[in-house]
Amino acid sequence: MVMTAVVVLTLIGAGCDTGDGKQLRPYDPADYPAPAPTTEVSDSVGPAENFDGADSLPPAGPEIAASPESFTLTAPWLDGGAIDARYTCDDLDVAPPLSWGGVPDGTVEIAIAMVDDSAVSEGQPFVHWVVAGLDPNEIAIVEGDLPEGAVQALNYFGDVDYGGPCPPPGDDPHLYRLTAYALNTPLQLADGTLATEFLEAIAQATIGSSDLNGTYQR
């Protein structure tokens, strides 16, 4: 499925309960710049402070060239299917194995992001994971491991790592969006760089993208 890139995202708040079953580490929210204006989305799942997720519409920002239909992303679940608890906070909370194929010509690096499309906080998503520096020719990463040269952003749990689905118990199933980005320029960012900076750089370098959705409920 082809989509536009996710762009500037804003931290919900440091040192507070995300409603995602986890507690944010107390780091300075001023590190995250104010977001660009986005389209407001009506959501009926409850107050923003109970969410861990993302704006369900493509956010405003730089347009990304359409990806070839052949650009694909594969995970352990089918598009729109249930995510195995193994990849969530209820089990190992380990990054899933992923593979991609049919990358656009000119791709020099693959980046991947995971956000929750079921909840909104001030129109902005909660970032579970951003990883870049993946070699497009390698075509895959294994479960819970990253190849040499891969770098990860500081996610909104305050970790430089993958943070799996962990929606509030009793919520309707949350929809998680996993996106692979084909980049024509290496990001050259360090581990622990803010997720917003990663996503800004991704937006500027993306020549195509492919997404895969999954659901999870507790």
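Buried means under 20% relative accessible area, exposed means over 50%, and partly exposed lies in between, with a 1.4 Å probe and protein chains only. This is a predicted model, in which local features need pLDDT of at least 70 and side-chain atom pairs count only at pLDDT 80 or more, while totals for chains, interfaces and linings use all residues. Residues are numbered from 1 along each chain as its sequence is written, and side-chain values use heavy atoms, with hydrogens and water left out.

With a disulfide taken as a pair of cysteine sulfur atoms within 2.5 Å, the count is 1 disulfide. C89 is joined to C166, with an S to S distance of 2.0 Å. The torsion about their S-S bond is about 80°, so the disulfide is right-handed. C89 sits in the loop between β2 (81–82) and β3 (98–101), and C166 in the loop between β7 (151–152) and β8 (174–183), 77 residues apart. Strands here are DSSP runs (E, at least two residues), numbered from the N terminus. C166 is buried at 1% relative accessibility, whereas C89 is partly exposed at 24%.

Rings of Phe, Tyr and Trp (its six-membered ring) pair if their centres lie within 6.5 Å; planes under 30 degrees apart are stacked, over 60 edge-to-face, and the rest tilted. There are 4 aromatic pairs. One of them, F126 with F157, is tilted, at 4.8 Å centre to centre and 55° between the planes. F126 lies in the loop between β4 (109–116) and β5 (127–134) and F157 in the loop between β7 and β8, so the pair ties together parts 31 residues apart in sequence. F126 is buried at 0%, and F157 is buried at 2%.

How values were computed:
Helix = DSSP H or I, 4+ residues; strand = E, 2+ residues; numbered from the N terminus.
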